[in-house]
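Me: I am new to this structure and would like to learn how to read its features one at a time. Could you take me through them slowly, giving the idea behind each and then the case at hand?

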Amino acid sequence: MLNPELLWMSPVNVRMKDGAHQVFASVNDALDFLEGDWAIYRGRKYNRAVQTCRRALNRMTPVAIAREAFIDACQDAGMSAVADELLVAKTGAGGQHSLA
């Protein structure tokens with residue numbers, strides 16, 4: 001039986017070391033990337049991210065913990081990982097951007 005998609009409260013934007021950009025919206029997206037496309041440094045934070053994503057899919061770890069572990073692993077490997085809520089917070093009240 002397939003696990004349903006476990007969405008994060010807000011996506012994570014990752015800029016790869018080659019400059020490519022990818023958005024991860026769920027535990028499933030992150031684990032697919034970690035286990036399939038991750039071709040760089042696999043240290044302690046990488047291992048923790050894989051473990052917490054698997055545990056989240058099995059309802060043993062909160063989704064938010066898996067998200068933070070994924071962000072930590074990306075940053076540990078030299079990628080830029082930015083959570084969307086940080087971008088939203090910078091737009092000001094009502095989400096309006098100034099064009100001036």
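Me: At what angle do the axes of helix H1 and helix H2 cross?

Reply: Bear in mind that this is a predicted model. The axes of helix H1, residues 27-37, and helix H2, residues 44-57, come within 10 Å of each other and cross at roughly 140°. Angles over 145 degrees would count as roughly antiparallel, and H1 and H2 are therefore described as oblique to each other. The crossing in which H1 passes H2 is left-handed.

Me: Which residues of H1 and H2 meet?

Reply: On the H1 side they are Val 27, Asn 28, Ala 30, Leu 31, Leu 34 and Glu 35, and they meet Tyr 46, Ala 49, Val 50, Cys 53, Arg 54, Ala 56 and Leu 57 of H2. Sorted by class, this contact of H1 with H2 holds 10 nonpolar residues, 1 polar residue and 2 charged residues.

Me: How do H1 and helix H3 pack, and which residues of H1 and H3 meet?

Reply: H1 and H3, the latter spanning residues 63-76, pack at an angle of about 35°, and their axes are 10 Å apart. Here, too, H1 makes a left-handed crossing as it passes H3. From H1, the residues Val 27, Ala 30, Phe 33 and Leu 34 meet Val 63, Ala 66 and Phe 70 from H3. The class count for the contact of H1 with H3 is 7 nonpolar residues, with no polar and no charged ones.

Me: Let us turn to the strands. In what order do the 3 strands form the sheet?

Reply: Strands of a sheet pair through backbone hydrogen bonds, and the pairing may be parallel or antiparallel. In this structure the 3 strands form an open sheet in the order E2-E1-E3, with antiparallel pairing. The edge strands are E2 and E3, each of which pairs on one side only, and the twist from one strand to the next averages 25°.

Me: How many bridges join strand E1 to E3?

Reply: There are 4 bridges between E1, which covers residues 7-15, and E3, and the two strands run antiparallel. As one instance, Val 14 has Ala 81 in E3 as its bridge partner, while Asn 13 stands opposite Val 82 in E3.

Me: Is Ser 26 buried or exposed?

Reply: Ser 26 belongs to strand E2, residues 21-26, and counts as buried because its relative accessibility is 0%, where the limit for buried is under 20%. Leaving aside residues up to four places away in sequence, Ser 26 touches Glu 5, Leu 6, Leu 7 and Trp 8.

Me: What pattern does the protein chain follow along the sequence?

Reply: The protein chain has 4 helices and 3 strands, and they follow the pattern β-β-α-α-α-β-α along the sequence. Of its 100 residues, 38% count as buried.

Technical notes. Residues are numbered from 1 along each chain as its sequence is written. This is a predicted model: local features need pLDDT of at least 70, side-chain atom pairs count only at pLDDT 80 or more; totals for chains, interfaces and linings use all residues. Side-chain values use heavy atoms; hydrogens and water are left out. Axes are lines fitted to C-alpha atoms, for helices over the stretch in contact, and angles run from 0 to 180 degrees between N-to-C directions. Angles under 35 degrees count as roughly parallel, over 145 as roughly antiparallel, 65 to 115 as roughly perpendicular and the rest as oblique. A crossing is left-handed if the near helix is turned anticlockwise from the far one by less than a right angle, and right-handed if clockwise. Contact means heavy atoms within 4.5 Å. Ala, Val, Leu, Ile, Met, Phe, Trp, Tyr, Cys and Pro count as nonpolar, Asp, Glu, Lys and Arg as charged, and the others, Gly among them, as polar. Two strands pair if DSSP finds at least two bridges between them. Buried means under 20% relative accessible area, exposed over 50%, partly exposed in between (1.4 Å probe, protein chains only).
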